[in-house]
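Subject: Structure handover

Hello,

Here is the structure I said I would pass on. My notes on it follow below.

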Amino acid sequence: MSSKAAISFEYFPPKTDAGRDKLLGETTAALQSAQPSYYSVTYGAGGSTRDNTRGTVLALREQGLDVAPHLSFGLDGEDTILGLLKDYQQAGINRLVALRGDLPSGTGGGTRLVYANELVAFIREHTGDHFHIEVAAYPEIHPQAESYESDIGYLKGKFDAGADSAITQYFYNVEAYFYFLDRCAALGIDKPIYAGIMPITNYANLARFSKNCGAEIPRWIRKRLEGYADDTDSIRAFGVEVVTQLCQTLIESGAPGIHFYTMNQAQPTLQICTNLGL
Ligand code: FAD
């Protein structure tokens with residue numbers, strides 16, 4: 001593995017005390033062996049996980065780890081966001097993932113969500129250069145985008161507002177990622193765009209997520225996964241093999257780094273990192 005490719009791990013805030021203990025304990029201890037640059041913790045737009053995200057972030061920080069909270073306005077006002085920014089600054093956190101987010105269905109009808117470029121500008125206005133700001137990027141294009149060009153244009157807008165780097169939505173089509181990087185470069189984007197990678201552990205969940213977020217599961221992968229039916233061991237083994245190969249190609253072809261959507265499981269992310277020689 002190239003020593004230049006950075007890796008990072010994403011968590012979601014656990015819903016139970018047992019889940020929290022496991023995540024902060026054995027899961028993080030295991031993942032630490034891969035020496036990630038940082039951990040990120042997702043945020044339920046609409047504030048549904050506000051306290052839980054904050055609590056998880058601060059607990060990881062207390063372990064001396066670099067952590068990047070995800071953040072979006074959702075339906076919250078400026079005071080709430082400023083409060084979170086202040087808490088994070090005081091805890092020594094200097095990295096954020098800034099998003100528009102999505103509202104849970106049934107909430108906020110008719111409300112316009114604050115676009116990520118507006119959140120980035122807001123963070124810069126109130127905290128200057130304190131935070132390294134990551135934003136989201138979509139090699140297979142955001143499901144609500146008007147067009148390929150407009151979506152890349154809005155990504156450029158996030159960088160122009162002050163973002164430092166981007167993390168992609170997960171994908172299994174390497175060509176889509178490198179074509180996207182070329183199009184971004186042609187538009188003058190010169191900041192790193194890290195590849196977001198989702199290990200494969202459960203076909204039904206993966207198919208559902210992918211439909212919602214516009215990530216394509218190539219037919220040959222889908223067919224193999226469908227063929228395993230409920231045989232979770234085979235799904236996991238095949239998933240590790242495919243995703244290791246994907247990461248290997250990404251690194252060899254010059255991806256600046258990989259952000260793993262761990263789904264709060266040390267395995268199989270750790271197995272993939274081990275296969276890559278970390
Ligand atoms: P934006 O960049 O604001 O884009 C949203 C849509 O609007 C796009 O279609 C874009 O083309 C368009 N657009 C962008 N800017 C403008 C503008 N100024 N004017 C008009 N149109 C515009 N979701 C969560 O709920 N919690 C999380 O923690 C979370 N973490 C994520 C992390 C990563 C790395 C990624 C890739 C996604 C994450 N998501 C998360 C999902 C994300 O919230 C959704 O994909 C959401 O629909 C878009 O958020 P965004 O920040 O990309 O939005």
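Helices (H or I, at least four residues) and strands (E, at least two) are DSSP runs, numbered from the N terminus. This is a predicted model, in which local features need pLDDT of at least 70 and side-chain atom pairs count only at pLDDT 80 or more, while totals for chains, interfaces and linings use all residues. Residues are numbered from 1 along each chain as its sequence is written, and side-chain values use heavy atoms, with hydrogens and water left out.

Backbone

P268 sits in the loop between β8 (257-261) and α10 (269-275). The peptide bond that leads from Q267 into P268 is cis, with omega near 10°. In the loop between α8 (219-228) and α9, A229 has a positive phi, near 50°, although this residue is not glycine. Both points are listed because most residues other than glycine have a negative phi, and most peptide bonds are trans.

Helix packing

Axes here are lines fitted to C-alpha atoms, for helices over the stretch in contact, and angles run from 0 to 180 degrees between N-to-C directions. Angles under 35 degrees count as roughly parallel, over 145 as roughly antiparallel, 65 to 115 as roughly perpendicular and the rest as oblique. Contact means heavy atoms within 4.5 Å. For residue classes, Ala, Val, Leu, Ile, Met, Phe, Trp, Tyr, Cys and Pro count as nonpolar, Asp, Glu, Lys and Arg as charged, and the others, Gly among them, as polar.

Helix α2 (residues 50-62) packs on α3 at an angle of about 10°, with the axes 11 Å apart, so α2 is roughly parallel to α3. R50, T53, R54, V57 and L58 of α2 make this contact with T80, L84, D87 and Y88 of α3. By class, the contact of α2 with α3 has four nonpolar, two polar and three charged residues.

Helix α3 (residues 78-90) also packs on helix α4 (residues 116-127): their axes come within 11 Å and cross at roughly 60°, which means that α3 is oblique to α4. On the α3 side, E78, I81, L82, L85 and Q89 meet L119, F122, I123, H126 and T127 of α4. The residues of this contact divide into six nonpolar, three polar and one charged.

Helix α6 (residues 174-186) and helix α9 (residues 232-252) have axes 11 Å apart, at an angle of about 25°, so α6 is roughly parallel to α9. V174, Y177 and F178 of α6 touch L246, T249 and L250 of α9.

Ligand

Which residues come nearest to the ligand? Of the 23 residues around the ligand (a heavy atom within 4 Å), they are Y43, D102, Y138, D151 and K158.

Some polar contacts (pairs of N or O atoms within 3.5 Å) are these:
- A polar side-chain atom of N117 is 3.1 Å from a ligand nitrogen atom.
- For H142, a polar side-chain atom lies 2.7 Å from an oxygen atom of the ligand.
- A145 uses a backbone N or O atom, 3.3 Å from an oxygen atom of the ligand.

Regards

Note on methods. A polar contact is a pair of N or O atoms within 3.5 Å; within protein, one must be able to donate a hydrogen and the other to accept it, and residues adjacent in sequence count only if both atoms are side-chain atoms.
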